[in-house]
Amino acid sequence: MPINLFNNPLSSIKLGANDILKGYIGNNEIFPNSITIEFASISGLGLTYTLPPSQTGDPGASYPSTTFTISGSGSEILNVSSFAMTNLPSTLSAVVSSGSGTNTLTVTISGTFPAVGVGPITSVVSGINVATAYLAHFLMVGGGGSAGSGYVSSGGGGGGVRTSFAPNGGGQSVDPQATLIPGTTYTVTVAAIGGDSTISGAPFNNIVATGGNSGSGSTANSVGGPSAGSYGYSGGSSNASSWSGGSGGGAGGPGSSSSSYATGGLSGGAPLVNAIKGSNVNYGSGGRGYTGNYGAGSSTPSAYGKGGDASAGAGQPGVVILRVPTASVGTASGTHTTGTIGNDTWIEWTGSGSYVA
């Protein structure tokens, strides 16, 4: 009686005592029965999935390493915890091979083809934490430089100011707001006198508020004023060869200069006036110059980052401020204060610390 191979697939064929490994009719393999792995759908957690391509092979043969992607919406960040997929054959495994902490994960399926065929697979994914990234404003101020000392001395340069909350220091375009990823720790470094303020990690890697330059002094010769930190202005000086103390540049304006042969101390550069905390605050003004009996210039007070006033005045340390949506605010550590304005919370660090988004 003929064997109907369509309805009754063979489990083995022997030639005498030996197994036949494969059987063909023409060019079509009829034994063993090939296994096809096909995914009908992948779902779960409200995310978007691509489908892996179908793969066909012999039972027990190596399954070609196959990938698919899982994506969140534009602001969602995907973090892997205990990733799992339902309805996979026991001979296959799926692991997240890249992308944890980003918007898109890549999943790799590997293993061997099962011994018996399976229908199209409908799988549900679990073990991914979905967080929503958020935008934050920031303001960093470098430390003010100290003034020079001597009978003729120049004021210190103000600390540079970098911010996403207009206006920016040095007349520069504002920096873009920072996209913060929930669960990520950002290290905050607040500038000492003449030092730099930074926040570690993307997107802050290349954003630094540098310190103002220090002033200089002499017994009689005129001295020029030092510049503010980057994203600040230049210092000022006079054409007089003697008895003129230069002015420190500020984050909001250059130190005063004189095209004449004026003597005495020149006035420090203007601060940057910024309202990231809701009201105007001065940051990074330049220090005044000084010349003994010829007098001193003037300077504008600043909350942080002011250049020192000559003669021999110390600069001010810097500051770092974040302004985030109150609904998303994370955890701050280190020397800091907080407040609210509208739907936002500001965090001001006067000493180094950290922020967990």
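Asp309 forms a salt bridge with Lys306, with 2.8 Å between the closest N and O atoms. A salt bridge here is a side-chain nitrogen of Lys or Arg within 4 Å of a carboxyl oxygen of Asp or Glu. Asp309 is partly exposed, because its relative accessibility is 23%. Lys306 is buried, at 10% relative accessibility. Buried means under 20% relative accessible area, exposed means over 50%, and partly exposed lies in between (1.4 Å probe, protein chains only).

The model is predicted: local features need pLDDT of at least 70, side-chain atom pairs count only at pLDDT 80 or more, and totals for chains, interfaces and linings use all residues. Residues are numbered from 1 along each chain as its sequence is written, and side-chain values use heavy atoms, leaving out hydrogens and water.

The whole structure contains four salt bridges. Another of them joins the side chains of Arg323 and Asp344, at 2.9 Å from N to O. Arg323 sits in strand E28 (residues 319-325) and Asp344 in strand E30 (residues 344-356), so this pair ties together parts 21 residues apart in sequence. Strands (E, at least two residues) and helices (H or I, at least four) are DSSP runs, numbered from the N terminus. Arg323 is buried, with a relative accessible area of 12%.

Arg162 and Asp175 also meet in a salt bridge, at 2.8 Å from N to O. Arg162 lies in strand E16, whereas Asp175 lies in the loop between E16 and strand E17 (178-180), so the pair ties together parts 13 residues apart in sequence. Strand E16 covers residues 161-163. Arg162 counts as buried, at 9% relative accessibility. Asp175 is buried too, with a value of 9%. Beyond four places in sequence, Arg162 touches residues including Phe138, Asn168, Asp175, Val208 and Tyr231. Contact means heavy atoms within 4.5 Å.

The largest nonpolar core has 22 residues. A nonpolar core is a set of buried Ala, Val, Leu, Ile, Met, Phe, Trp, Tyr and Cys residues joined through side-chain atoms within 4.5 Å. Phe39, Ile70 and Met85 have the most contacts inside this core. Several strands each supply at least two of its residues, among them E5 (35-37), E9 (62-71) and E13 (121-132). A second, separate core has 20 residues, including Leu180, Val320, Val324 and Ala357. In soluble globular proteins, nonpolar side chains tend to be buried together.

Ile70 has contacts beyond its neighbours within four places in sequence; among them are Leu47, Leu78, Phe83, Val107 and Ile128. Val130 belongs to strand E13. Val130 is partly exposed, at 37% relative accessibility. Leaving out residues up to four places away in sequence, Val130 touches Leu47, Glu76, Ile77 and Leu78. Val130 and Gly289 are 159 residues apart in sequence, and their C-alpha atoms are 56 Å apart in space.

Four strands form an open sheet in the order E21-E15-E26-E27, with antiparallel pairing. Strands E21 (217-218) and E27 (295-296) stand at the edges; each has a single partner strand, so one side of each lacks a neighbour in the sheet. Two strands pair if DSSP finds at least two bridges between them. Strand E26 (residues 290-291) runs antiparallel to E27, and two bridges join them. Tyr290 has Ala296 as its bridge partner in E27. Strands of a sheet pair through backbone hydrogen bonds, either parallel or antiparallel.
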